[in-house]
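Hello,

Here is the structure we talked about. My notes follow below it.

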Amino acid sequence: VALTMAILNAVGGKKTLSIVCFVYAGCSAANVCWPMAMKCAKTRHYFLFGVSTVALFTFILLTGGVSGISAMWLLLLPASGITLLGRAKGSAMCAAMFAVLVFLFWFPLGGKLLFYDYPADFCIRFPIVYAVFFFVGFWFEDMRSKTQTELVSVKNRMKEISETDALTGLKNRYWFNRKIARKYNGRQTEGDSVMLLWDIDLFKNLNDTYGHAAGDCVL
C-alpha cells in the first residue's frame with residue numbers, strides 16, 4: 001500500500017508525500033526481509049515498524065496528504081498493525097496513533113500544528129471511526145489467534161495419534177519408518193548401528209487362555 005501511494009503521489013506531483021511513502025515502504029521491506037534472514041523477529045523489528053508507522057501516520061495527518069483524503073488510508077493501520085505485531089504490541093502502536101490523532105484534532109495546541117484545514121465534523125468523527133476500526137481489527141485478530149492456536153493443537157494431537165500406539169504409548173511403525181528415513185536417507189553410516197528386536201514368545205497362548213484384555217494388560 002505504501003509503495004502504491006508513493007508511486008501515485010510521485011505521478012501526481014506530490015513530491016514530499018511521495019518521498020515519505022517511499023521511505024516507509026523501504027522500512028517495511030527491511031522489516032520483512034530482516035527477520036526472514038535471521039529466521040525470527042526481535043524487539044528492534046517491532047520497534048522499527050511501530051516508529052515508522054506512527055511517523056507516517058503523524059505526517060499524513062499534519063499535511064492532509066492529497067486534499068485531505070489520504071487520512072482515510074490511515075484506517076487500514078489498526079487492523080494491519082495488530083495482525084503484524086500481535087494484540088499486545090499492535091494495541092500499543094494503535095494507542096500511540098490514537099493519542100496523536102486526539103491531540104491534533106481535539107486540542108487547540110495540536111490544531112495549530114496542522115498544515116491542512118480539516119472540517120470540524122471530520123475532526124470529531126475521524127477519531128471515533130478510527131477507534132471503531134481498532135476494535136474490529138482487535139476482535140478479528142483475537143478470533144484468528146484463538147483459531148490458529150486451536151488448529152495447531154489439533155495438528156499436534158493428530159500427529160501424536162498417527163505416530164503413537166494407542167495401547168502401549170510407544171512410537172509405532174509409521175514413526176519408526178520416518179525416523180529411519182530421515183536419519184539415514186539411503187546413506188551408509190560412519191560407525192556401528194544397533195537394532196534391538198524384542199519378541200514375546202507364545203503370546204497367542206496367553207490371549208487364548210486369559211483373553212485379549214489380559215493380553216493388553218501384559219503388553
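L202 sits in the loop between α8 (173-184) and α9 (203-210); helices here are DSSP runs of H or I with at least four residues, numbered from the N terminus. L202 is exposed, at 65% relative accessible area (exposed is over 50%, buried under 20%, partly exposed in between, with a 1.4 Å probe and protein chains only). Its phi is near 55°, a positive value in a residue other than glycine. Most residues other than glycine have a negative phi.

This is a predicted model: local features need pLDDT of at least 70, side-chain atom pairs pLDDT 80 or more, while totals for chains, interfaces and linings use all residues. Numbering runs from 1 along each chain as its sequence is written, and side-chain values use heavy atoms, without hydrogens and water.

Next, the helix pair. α3 (residues 43-63) and α5 (residues 87-106) pack at about 20°, axes 10 Å apart. Axes are fitted to C-alpha atoms over the stretch in contact, and angles run from 0 to 180 degrees between N-to-C directions. The two are therefore roughly parallel (angles under 35 degrees). On the α3 side, the contact includes Y46, F49 and F57; on the α5 side, M93, M97 and F105 are among the residues. Contact means heavy atoms within 4.5 Å.

Last, S52, in helix α3. S52 is buried, with a relative accessible area of 12%. A polar atom of its side chain lies 3.1 Å from the backbone oxygen of F49. Beyond its neighbours within four places in sequence, S52 is in contact with Y24 and C27.

Best wishes

Methods:
Angles under 35 degrees count as roughly parallel, over 145 as roughly antiparallel, 65 to 115 as roughly perpendicular and the rest as oblique. A polar contact is a pair of N or O atoms within 3.5 Å; within protein, one must be able to donate a hydrogen and the other to accept it, and residues adjacent in sequence count only if both atoms are side-chain atoms.
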